[in-house]
Each structure stands twice: as structure tokens, then as C-alpha cells.
Amino acid sequence: MRNKIIAVILTVIFISASFGNIISFAQQDTVGEINDLLDDIVAFNLKKENEDHTLKWLANGAGNGTEFYAIAFAQRINEFNPYAKYDLSAFAQAMEKFLDENDVKNAVTKQKYALSLIAAGKEDSKHVNEITNTTIGELGIMSFVFGLHLLNNGAVSENHTVETVIEKLLSLQLEDGGWALTGQYSDVDITAMTVQALAPHRETNDEISAAIDKAIATLSQKQFDDGDFASYGVANPDSVAQVMIALTSVGIDPLSDERFIKNEKTVLDGIKKYMLEDGSFKHTEDGESNYMATYQVFLGLTALNRFYANKGPLFIFEEEEAPIITEDPVEKEPENQENDIFEEPKPEENTTEKEQTKDIVNIKKSPDYKFWLIAATVAAAVILAVIAVIKKQKAGTFILIAAAAALIICIVVFTDIQTADDYYSIAAIKGDTIGTVTMQIRCDKIKDQDLDYIPEDGIILDTTEFAIDSDDTVYDILTEAARKYTLHLESTGGDGMKYMSGINYIYELDFGDLSGWVYYVNGERPSVGCDAYTLKDGDVIEWHYSLELGNDID
């Protein structure tokens with residue numbers, strides 16, 4: 001009997017150990033898949049920027065879109081040495097140079113730059129101190145969220161403390177448990193990002209813990225059956241990534257917690273449905289490669305990788321001695337050469353009419369004036385050469401004439417000259433339209449200002465109808481309107497993050513620290529850049545100049 005009991009105990013131990021190994025192997029497979037997805041995103045960016053070194057790509061893009069990638073690389077777990085850190089000194093130097101030379105007005109953008117400097121090891125930068133002192137609370141809830149990230153990492157503000165910022169964020173929590181830019185209903189992205197900032201204080205404050213628990217329950221309710229989420233009614237991977245970062249920051253496994261498994265789909269399934277063959281990600285299921293979606297997924301996957309390596313939250317940059325990686329990790333050979341992402345894609349034989357139209361639009365035809373300018377330059381050079389021969393000039397004269405002619409020809413070839421009429425007369429070429437939208441542009445809040453470029457009735461563009469293609473964004477329609485109706489536009493931000501800094505010569509901050517342009521679709525204010533919001537038939541677009549971050553727009 002005793003031997004049987006021992007045998008049963010040993011069997012139980014063996015089965016338990018085997019089950020543990022199965023879990024371990026399954027987790028290893030997941031980590032391997034995550035690393036593959038991360039590597040594919042890096043390869044996509046290197047190919048897009050025609051770069052062969054990751055650290056150089058990050059440095060070259062400082063101030064122009066690689067800031068969150070730099071943050072992710074500062075926190076990324078290296079496959080070959082989990083304790084090593086990437087050398088981001090070149091990025092930090094380039095980021096400081098960018099801030100020295102550019103006047104960045106948007107408070108949250110500046111906070112993002114400062115956070116990337118801290119991640120890159122430059123927490124003592126003058127820019128970090130200045131930005132932390134001047135930006136917290138200057139641009140609504142997001143300036144409190146990113147301000148708290150800065151404070152969480154040791155930055156100091158003369159006007160705010162960790163406690164005062166936390167108090168403000170808790171006061172902004174909505175009845176449904178989440179947070180939003182404006183309005184009474186929470187948004188997935190803003191809720192997740194607020195949780196990320198509050199997470200490091202969860203264990204030390206019961207009020208924070210209760211607020212986070214309520215927000216997590218809200219996020220669980222908002223998850224779709226495919227594992228993904230929506231922001232302002234549009235399902236997208238960006239929101240999934242933000243939830244992934246939020247969950248891992250509070251110690252929740254997004255892939256095993258039952259609250260975030262819907263119809264047997266996890267958040268990883270929710271992200272992968274938006275992946276393209278080139279390794280990038282699209283913002284909508286029927287959309288094209290999107291810059292913002294891709295870098296946010298990179299952040300989310302990095303957070304998940306850290307979680308499985310028992311590391312801390314993505315946005316807490318721990319100071320630790322570690323080997324420095326100055327070269328890219330060993331790149332794996334593609335298993336299938338025919339699908340090598342570094343090969344140029346082959347043209348499809350059956351190209352749709354819309355794709356053909358786009359190809360035509362993207363071809364830069366040499367204007368007729370260039371031919372005549374080049375011909376005139378050559379003729380002038382010949383005449384000068386003949387004169388030089390008659391006057392028996394030295395050989396250096398002929399070299400000078402040839403060099404001058406060559407320089408002028410180069411300038412003509414590589415420069416396009418357009419009059420204002422030429423630019424504004426270019427009409428948008430549509431393929432197979434899917435419907436129409438309407439758009440209006442108003443500045444009612446400043447219509448009493450006695451300025452020539454501000455219309456007395458506040459209407460810059462009255463409600464106007466536009467035909468749309470399947471992938472047209474709010475930004476596409478705005479630029480189409482600008483060309484058709486001779487409107488001035490100025491924007492900042494990279495792909496997927498366009499922010500309109502000026503319309504009709506009315507700029508952000510012109511009428512107060514909180515003034516600027518905001519847009520609405522169907523009465524709701526989207527939380528994505530205007531070039532990341534894909535339109536559908538019947539949408540109603542409104543642009544308003546606000547004096548209070550949109551809070552003064554009815």
C-alpha cells in the first residue's frame with residue numbers, strides 16, 4: 001500500500017512538472033512569436049528609410065517620429081543577452097540637437113521628446129527639466145498623463161508633484177470607470193494610457209488601486225470578440241497595444257487573464273489581424289500601412305515581452321549597470337526567399353482602376369517649362385563658348401561655362417516651380433468612390449477679432465460635400481478642400497499623427513495657451529491624428545478653432 005501511495009505521489013509530481021514544462025514551452029513559443037513580430041517591424045522601418053542599422057535609424061529620426069521606438073528599444077529585452085541595453089547615445093544627442101534648433105509648441109509632443117531623452121539616459125538634460133516645468137497640465141488630460149510619466153522617472157517640476165498630478169487624474173475619472181479627452185463617455189486609448197501613468201503607485205495608495213481596478217473592468221467590457229478594441233467607434237490595433245501596455249504595467253497577463261479573452265481570442269489575436277505582409281500594421285482592417293499603428297504595436301509587444309521576462313512597466317526606466325549593445329542583433333535569414341521583405345514587391349497583374357489612378361498621381365512628370373529652360377541654358381552656353389573661341393580665351397573659361405550650365409540644368413531638373421494658381425488648380429483624382437461626406441471649417445470663437453483673415457461670421461468653409469475613396473482620411477478631404485477653395489494649411493507631425501497647426505493663417509496658441517484647431521466627426525472628437533481617421537459614407541466633419549482645447553465647442 002505504501003509503495004502505491006509513493007507511486008501515486010511520484011506520478012502527481014511528474015504530471016505537475018510536465019504540465020509546468022508545457023506551460024513554459026508554450027510561453028517560450030509566445031515570446032518567440034513576439035520577438036518575430038518586433039523584428040519584422042524593425043525590418044519594415046529600415047527598408048522604408050533605406051537604412052541598414054537600427055541605432056542609426058533611431059538617431060536620424062529624432063524629432064521626426066522615432067521617439068517612441070527609442071523608448072521601446074531602451075526597454076526591449078535582447079534575445080541574446082536579456083541584461084544588455086541598446087546604446088541610444090546617438091539618438092539622445094540628435095534629440096537634444098533637434099530641441100535646440102526647433103521651437104516645439106505642443107506640450108504633449110514636448111513631453112514625449114523629454115521622455116525619450118530619459119529613456120536614452122539623458123535624464124539630466126536641460127530640456128527634460130525645462131519641459132517638465134512648463135508643460136504639465138497645459139494641454140488637457142494627456143499633458144497630465146505624460147507629465148506623470150516624467151515625474152515617475154525622476155524629473156522635477158516647480159509647479160507640480162506626483163501627488164498633485166495623481167489627484168488631478170483621479171478627479172477626471174468618469175462614471176463609467178475610464179477617462180477621455182472630452183465628454184462623459186470613456187475612450188479606450190485615454191483610459192489605458194492613464195492607467196499606465198498611475199500604475200507605479202497602485203500598491204501604495206488604495207484610492208489609486210480602486211480607480212485602476214474600475215478602469216480595468218471597463219476595458220474588459222469594451223473588448224470585442226476578435227480580441228481587439230475600438231477608439232471613437234473605430235476598431236484598431238493602436239487601442240489594443242495601449243491596453244496591452246496598461247495590463248502589463250499592473251501585473252496582469254493579457255494573454256491568460258479570462259477578463260481579456262473573448263471568444264477564445266486574446267489581445268495578441270486582436271493585434272495580429274491588422275498585420276501586413278511587410279511587417280507593418282494598418283489602423284483599420286481594410287486600411288493600408290499606418291505609421292502610428294505600427295509604432296504603437298511595437299510599444300505594446302515590447303511591454304508584453306518585458307512582462308514575460310519579469311521586468312517592470314514599459315514607462316519606468318530603471319537605472320542599472322548593463323552591457324551596452326552598439327550593433328544590431330544577429331539578423332535571421334528569411335525562411336522563404338520568395339517572401340523576403342527586403343525584396344521590392346512585384347506589381348500585380350490585375351491592378352484595380354483605383355490603384356492605377358494612384359500610380360498616375362504619384363508619377364512626377366517633367367513640366368514643359370523645364371525643357372525650354374534646359375534648351376535655353378544649353379543655347380546660352382554654346383553662344384558663350386563661341387564668343388570665348390573668337391576672343392581666344394583660355395581653357396579655364398570653357399570649363400567655367402560648362403560648370404555653370406551643368407549647375408543650372410541640375411537646378412531646373414530637380415526643382416518644380418508652381419504658381420499658386422497651379423497648385424490650387426490640381427483637382428483630387430478619385431477612383432471608385434464609396435460615398436460622400438460633408439465638411440465645414442469655423443472659427444466662431446474669434447470672429448469678433450478685427451483681423452482681415454478672420455471672417456465676420458466665423459465661417460471659413462461652409463458645409464460642403466466631398467466624394468470619398470475607401471481609404472480617404474479627414475486630412476485627405478481637408479487638403480482637397482484647401483486646393484479647391486484656395487485655403488491656407490499648415491500641419492505638424494509624422495504619418496498617422498498630423499496636427500493642423502494653422503488653417504486660413506489662424507495658428508495654434510495665437511489666442512491663448514489653450515487655443516488651436518480641433519476636429520469632430522459626427523459630433524465626436526477622435527483621439528487620433530486627422531490623417532489616421534478613415535472616413536465612411538455619410539460622415540460629417542467639423543473643424544473648429546478652440547480657445548480651451550475643444551472644451552468650449554458645443
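Two strands are said to pair if DSSP finds at least two bridges between them. Helices (H or I, at least four residues) and strands (E, at least two) are DSSP runs, numbered from the N terminus.

Good morning. The model before you is predicted, so local features need pLDDT of at least 70 and side-chain atom pairs count only at pLDDT 80 or more, while totals for chains, interfaces and linings use all residues. Residues are numbered from 1 along each chain as its sequence is written, and side-chain values use heavy atoms, with hydrogens and water left out.

I begin with a sheet. Strand β5, residues 435–442, pairs with β6 in the antiparallel sense over seven bridges. Within this pair, M439 stands opposite T464 of β6. The open sheet has four strands, ordered β6-β5-β11-β10, with mixed pairing. Because β6 (459–468) and β10 (516–521) each have a single partner strand, they stand at the edges, and one side of each lacks a neighbour in the sheet.

Helix α18, residues 474–485, packs on this sheet and touches β5, β6, β10 and β11 (540–546); contact means heavy atoms within 4.5 Å. The direction of α18 makes about 115° with that of β6. Axes are lines fitted to C-alpha atoms, for helices over the stretch in contact, and angles run from 0 to 180 degrees between N-to-C directions.

I turn now to two helices. The axes of α3 (residues 67–75) and α13 (residues 291–308) come within 10 Å and cross at roughly 15°. The contact involves, among others, F68 and F73 of α3 and Y295 and F298 of α13.
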